[in-house]
Amino acid sequence: MVEPKLYKETLERLKVLSFPFELPLEVTHYIGGEFVKGENPFPVIYPATGEVIGSAPEGRAKEVDLAVEAAHRAFQSWGKMPPSERRPYLRRFAEKIREYRPVFEVLESLDVGRPIRENRLGYVDRMANNIEFFADFAVTHGSEAYPMENGYVNYVLRFPVGVAALITPWNMPSMLATWKIGPTLAFGNTAVLKPAEFTPLGAWLLARCAHEAGLPPGVFNVVHGFGPDSAGELLTKHPLVRLISFTGETTTGRIILKNAADTLKRTSMELGGKAANLIFASADLDRAVEVTVRAAFFNQGEVCLAGSRLLVERPVYEPFVEKLVAAARALRIGDPLDPETQMGALIAEEHLEKVMGYVEHAKRVATVLTGGKRPDLPHPLDKGYFLEPTVVVDVAPSDKVCQEEIFGPMVAVLPFDTEEEAIALANNTPYGLNAIVQTRDVGQAVRVSAALEVGTVWVNDWFVRDLRVPFGGAKQSGIGREGGHYGYEFYYETKNVCIANR
């Protein structure tokens, strides 16, 4: 049994927030419409203090089999429902998410170490909208017909695929889970969600929302655990699982693709990133710094979409760097449950050590203008996994700081002289998830956006999501696109019917 270590300060903070659960938290699986305690508990650690605040059960073969079989049984009826009959269930699911808004806001901070102020800026609304949007989309969008010159007519039928394994990361766990749950269930599939082992709390509450919304047993299941030799690997190999939607690092994605190959499962992979943020001389510098700080340090930089490579046109390089360093130093680091905190803790001690390895490397090969060390914080935050926002200059574009996904509050700034050079630098990584272009020259924005080898380009902003548009990565940042009708290709089977004219 996991023994909790709870600081008085954390308990007092939760009382102020009227947190409805008692610590330590005892997370459960959710299988076939029932909450299952499970076995093999592992600790749930609060990143801001390093304390154990609860436990979650590790799902192994027994739990994975039960969950997949429950989902398979439920698919026999859920998959045959017309979208208009599934929509009321999903709307109630979304309503329950909103009803539990204050709890999700706290759980997400306890899970991730992210400041609660960021959870209050539309985060829960985005979660609920991920469910509602696809519930409506499935009802309102039809199919296609293709008349032929000889009088024959083709039309396309779409039908659900089956059981989907939804494997989600730890950086924005609740929102990214609903991003997958929405289209999975709306298009008639059933789901087994496997959240990251670092962050089981949001998925646990999502299961409660689904249960209270009255989703039929087995339509939505949650199994906790790890990847290799645990719930994650077992799901990717299970013969009754027909789809795998995965968000996470590229190395894990490769393993999942190998596991899925034996049974030819459908896979949708949103993998790592190393986004370039291109700041041209025509940009509004104050606005550019504001966007850059969000793109670099939101969620402690633990975002696959983070703009961690800053490419700045030489005429504005020095004033931009000066403004950026001042803005980074002004960020308030501390207690994630304090609404004034602007930057929280990294997810885990081992991840902090990994990021610090990049920082120490940068100190040897480049110049660290600010950050690069752990902040001086009072007890119990002195035990947490905090790192100051870090800005690095004088670094080679080929250096690992500019090539590898660090996933922390660290950015490298490089100058460029021409538009062509900026594009070449931006494309010079194995990744192609997204990029940011900051300019007031519309023609330049159009040219550069077209030339970047990425799945998404934001112009003069960052992390704006419209569920109608395609989302996914190029190169080693992923396979496939989700969103709007692009999700049809993954979450639906298609059948062509050709009718003769006689």
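Helices (H or I, at least four residues) and strands (E, at least two) are DSSP runs, numbered from the N terminus. With that in hand, let's walk through the structure.

## About the model

This is a predicted model, in which local features need pLDDT of at least 70 and side-chain atom pairs count only at pLDDT 80 or more, while totals for chains, interfaces and linings use all residues. Residues are numbered from 1 along each chain as its sequence is written, and side-chain values use heavy atoms, leaving out hydrogens and water.

## Two domains

The protein chain is divided into domain 1 (10-271 + 477-495) and domain 2 (276-459); such bounds come from an automatic or database domain assignment. Taken over C-alpha atoms, the centres of domain 1 and domain 2 are 30 Å apart.

The two domains also touch: 31 residues of domain 1 are in contact with 33 residues of domain 2. Here, contact means heavy atoms within 4.5 Å.

## Helices that cross

Two packed helices are described by the angle between their axes and the distance between the axes. Axes are lines fitted to C-alpha atoms, for helices over the stretch in contact, and angles run from 0 to 180 degrees between N-to-C directions. Angles under 35 degrees count as roughly parallel, over 145 as roughly antiparallel, 65 to 115 as roughly perpendicular and the rest as oblique. A crossing is left-handed if the near helix is turned anticlockwise from the far one by less than a right angle, and right-handed if clockwise.

Start with helix α4 (residues 101-112) and helix α6 (residues 123-140), which pack at about 110 degrees with axes 9 Å apart. α4 and α6 are therefore roughly perpendicular to each other, and α4 passes α6 in a right-handed crossing. On the α4 side the contact is made by Arg101, Phe104, Glu105 and Glu108, and on the α6 side by Tyr123, Val124, Asp125 and Met127. By class, this contact of α4 with α6 has 4 nonpolar, no polar and 4 charged residues. (Ala, Val, Leu, Ile, Met, Phe, Trp, Tyr, Cys and Pro count as nonpolar, Asp, Glu, Lys and Arg as charged, and the others, Gly among them, as polar.)

Now look at helix α3 (residues 83-99) and helix α8 (residues 201-212), whose axes come within 8 Å and cross at roughly 130 degrees. α3 and α8 are therefore oblique to each other, and their crossing is right-handed. Phe93, Lys96 and Ile97 of α3 meet Leu206, Cys209, Ala210 and Glu212 of α8. The contact of α3 with α8 divides into 5 nonpolar, no polar and 2 charged residues.

## Two open sheets

Two strands pair if DSSP finds at least two bridges between them. β1 and strand β5 (residues 51-57) run parallel and are joined by 2 bridges, and Glu26 stands opposite Ser55 in β5.

3 bridges join β6 to the antiparallel strand β7 (residues 153-160), where Tyr155 stands opposite Ala145.

Most residues other than glycine have a negative phi, and most peptide bonds are trans. A cis peptide bond joins Leu23 and Pro24, with omega about 0 degrees; Pro24 sits in the loop between α1 (8-16) and β1. The bond from His379 to Pro380 is also cis, with omega near 5 degrees, and Pro380 lies in the loop between β15 (367-370) and β16 (390-393).
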